Amino acid sequence: MSLDVVTFGEAMLMLVADRPGPLELAQSFVKRTSGAETNVAIGLARLGMKVGWVSRLGTDSMARYLLAAMRHEGIDCSHVACDPAQRTGFQFKGRVEGGGDPAVEYHRQGSAASLFEPAQIDVPWLTAARHLHATGVFPALSENCLDTARRSLRLMRGAGRTISFDPNLRPTLWSSTERMRETINELALQADWVLPGIDEGRLLTGADTPEAIARFYRARGARLVIVKLGPEGAYFDGEAGQGRVPGFPVQAVVDTVGAGDGFAVGVVSALLEGCSVVDAARRGAWIGARAVQVLGDTEGLPTRAQLEKAEL
């Protein structure tokens, strides 16, 4: 069975503090899944798409939890390798009041996912998929993950498949800001659809406005750029024109992490379904707004029935 979307990336166990305050004072935590790529995989699978996730895990309890969670969502995990000699990454996430960004503490150096090698790509399986969703997180884990990301993008371009790219910047994983900027832009320019946040776009391009950020990537070959503007919605620039979509009202921001992944779920799913760019951006903004109103990264990702009820 060929897939709609494939993504490469690290899944981590996430332990979320059950109350606001410094992480060192937290006494209880709620267990969740985390990972930019797996968040998107879960979101697309909930909308009925056939999704494959590629990675490496250990064989510890965290790996068993993550694998069971992904399979429960209907994700094809047949190309996830579990190695007893390797460790599964995890993270602690704090909670804040008033809608700010929570503290996140990663424990992922030398993790199983960081040891993924380009030669481990199953080429026929990958290129049979319609679409590749890539982010800037996986290639930041290690040099071999970067080489894997480059090869996956090359293979899908060569097969004539579409590619989306979310920069998803993680500065602490890179040796320098300049290397991060150069490498992320190199990868982004292999994609058809580029999805930077406004702050990411400013750092990556040196431009100040969403219009100028979009022009940077469009001038270098991207077919579509959608710049995420947070509560203000999004700006798009593509082959069919430019424009803006407004954000959706949010009653209370619980956790800002995961909003960008939710946005990617909306955009990628809509475009693969043949929707217009305007409708894709609106769907992305709606799912992003849902994501900030829940504790974990994936509770706000809708089912197909919820999407249809919202008429998106």
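Where is Val137 found? Val137 sits in the loop between β8 and α4, where helices (H or I, at least four residues) and strands (E, at least two) are DSSP runs numbered from the N terminus. The structure is a predicted model, in which local features need pLDDT of at least 70 and side-chain atom pairs count only at pLDDT 80 or more, while totals for chains, interfaces and linings use all residues. Residues are numbered from 1 along each chain as its sequence is written, and side-chain values use heavy atoms, with hydrogens and water left out.

Val137 is buried, at a relative accessible area of 4%; here buried means under 20% relative accessible area, exposed over 50%, and partly exposed in between, with a 1.4 Å probe and protein chains only. Between the C-alpha atoms of Val137 and His107 there are 14 Å, and along the chain the two residues are 30 apart.

Grid points are joined across faces, edges and corners, and a volume is the space filled by probe spheres set on the points. By this rule there is one cavity of 30 Å³ or more. The volume of the largest cavity is about 60 Å³. Its lining includes Phe8, Glu37, Phe138 and Pro139. Two or more lining residues come from each of β8 (131-135) and α4 (143-158), and β8 gives the most, with four residues.

Turning to the open spaces, the largest pocket holds about 1300 Å³. Of the 47 residues that line the largest pocket, Thr256, Val257, Gly258, Ala259 and Gly260 lie nearest its centre. Elements giving two or more residues to this lining include the strands β2 (12-17), β6 (90-93) and β7 (104-107), together with the helices α8 (259-272) and α9 (277-291). The lining of the largest pocket comprises 22 nonpolar, 15 polar and 10 charged residues. The second largest pocket has a volume of about 160 Å³, and His107 is one of its lining residues, along with others including Tyr106, Arg108 and Leu173. Six polar residues, three nonpolar and one charged make up the lining of the second largest pocket.

Met62, Ala63, Leu66, Leu67 and Met70 are buried in α2. These residues lie on the same side of α2 because they cover an arc of only 125 degrees around the axis, the arc being that of the directions from the helix axis to the C-beta atoms. Arg64, Arg71 and His72 are exposed on the face of α2 turned away from its buried side.

What of the cysteines? The structure holds zero disulfides, a disulfide being a pair of cysteine sulfur atoms within 2.5 Å. Cys82 is in no disulfide, and the nearest cysteine sulfur, that of Cys77, is 8.9 Å away. Cys82 is partly exposed, at 37% relative accessibility. Cys145 is buried at 0%, and its sulfur is 16 Å from the closest cysteine sulfur, in Cys82, too far for a bond. Val268, in helix α8, is likewise buried, with a relative accessible area of 0%. Val268 and Cys145 are 123 residues apart in sequence and 23 Å apart in space, C-alpha to C-alpha.

Finally, backbone angles deserve a look. Most residues other than glycine have a negative phi. Asn168 has a positive phi near 40 degrees; this residue lies in the loop between β9 (162-166) and α5 (177-188) and is buried, at 9% relative accessible area. Glu311 also has a positive phi, of about 60 degrees. Glu311 belongs to the segment after α10 (304-309) and is exposed, at 71% relative accessibility.

Note on methods
1 Å grid on protein atoms, 1.4 Å probe; cavity = no way out; pocket = protein on both sides within 12 Å on 5 of 7 lines; lining within 4 Å. Nonpolar A, V, L, I, M, F, W, Y, C, P; charged D, E, K, R; others polar.
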